[in-house]
Amino acid sequence: VSLSLSMLMPSLATSIVNAALPELARAFDASFQGTQWMVLAYLLAMTTLSVSAGRWGDLLGRRRLLLAGITLFTASSLLCSAAPTLAALLAARAVQGVGAALMTSLTVALVGETVPKARVGSAMGLLGTTSAIGTALGPAIGGVLTAGLGWRAMFLVNGPVGLLAFALASRHLPPDHRSRGIERAVDDHAAEVQDDDEC
């Protein structure tokens with residue numbers, strides 16, 4: 001459930017703002033083209049950092065970095081809901097994209113550590129389905145929330161969901177082990193020390 005939520009939130013955030021773009025244009029007295037950067041800023045940050053996020057997870061710990069991504073995503077969502085200007089909203093959406101990159105990349109990476117090998121395929125299929133559901137339901141949920149509670153509700157909803165995802169991930173995901181890169185560096189250093197001692 002923790003990994004599914006970590007995949008659902010970023011995919012939902014990808015499309016949830018689409019239905020609210022006209023409302024955002026009116027709220028900030030901006031052009032529709034300007035509000036489209038709400039989608040672009042998020043996707044650019046998410047896609048450009050996805051590969052790097054996996055590497056950071058190898059070095060710093062996948063569980064630790066996933067929790068950081070959930071925290072960043074949730075906090076930036078709350079900043080989006082409180083944004084006083086369109087520029088501030090776009091900046092918060094870019095930060096949200098950074099959190100989404102960490103979440104999606106490390107969720108997939110953590111499947112191998114948390115799921116038995118015989119069930120990895122099923123787990124990956126479940127994550128893919130969760131991602132597709134989030135992307136498909138985003139516009140409908142965004143439209144309902146915007147019409148009923150205003151556009152800020154689209155981002156506020158990530159608060160309780162993010163707290164739940166963080167609590168489940170911190171409680172149930174396995175602790176981090178030393179990354180291979182760090183282990184290799186430590187082993188090389190130990191070998192050098194042994195060679196020096198032998199000399």
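I take buried to mean under 20% relative accessible area. The model I am reading is predicted.

**Entry 1: aromatic pairs**

I searched the whole structure for aromatic pairs and got 2. I looked at Phe28 and Trp151 to begin with. Their ring centres lie 5.4 Å apart and their planes meet at 55 degrees, so I logged the pair as tilted. Where do the two residues sit in the chain? Phe28 is in the loop between α2 (21-27) and α3 (32-35). Trp151 is in the loop between α7 and α8 (153-156). The pair links distant parts of the chain, 123 residues apart.

Trp151 also pairs with Phe155. I noted 6.3 Å centre to centre and 80 degrees between the planes, an edge-to-face pair. Phe28, Trp151 and Phe155 therefore go down as one aromatic cluster.

**Entry 2: burial of the cluster**

Buried or exposed? I checked Phe28. Its relative accessible area is 17%, which is under 20%, so Phe28 is buried. Trp151 has 7% relative accessibility and counts as buried. Phe155 is buried, as is Trp151.

**Entry 3: nonpolar cores**

I turned to the largest nonpolar core, which has 25 residues. Leu3, Leu66 and Phe73 have the most contacts inside it. I listed the elements that give two or more residues to this core: α1 (2-15), α4 (37-60), α5 (62-81), α6 (86-114), α7 (120-149) and α9 (158-172). Which gives the most? It is α6, with 6 residues.

I then listed contacts of Leu66, leaving aside neighbours within four places in sequence. Among them are Leu3, Leu102, Met103, Leu106, Leu110 and Leu173. Ser6 and Thr107 are also in contact with Leu66.

A second, separate core has 19 residues. Leu12, Cys80, Leu86 and Ala92 are included in it.

How values were computed: Residues numbered from 1 in each chain as written. Predicted model: local features only at pLDDT ≥ 70, side-chain atom pairs only at ≥ 80, totals over all residues. Heavy atoms only, no water. Core = buried A, V, L, I, M, F, W, Y, C linked by side-chain atoms within 4.5 Å. Buried < 20%, exposed > 50% of the residue type's maximum accessible area, 1.4 Å probe, protein only. Helix = DSSP H or I, 4+ residues; strand = E, 2+ residues; numbered from the N terminus. Contact = heavy atoms within 4.5 Å. Phe/Tyr/Trp six-rings, centres within 6.5 Å; stacked < 30°, edge-to-face > 60°.
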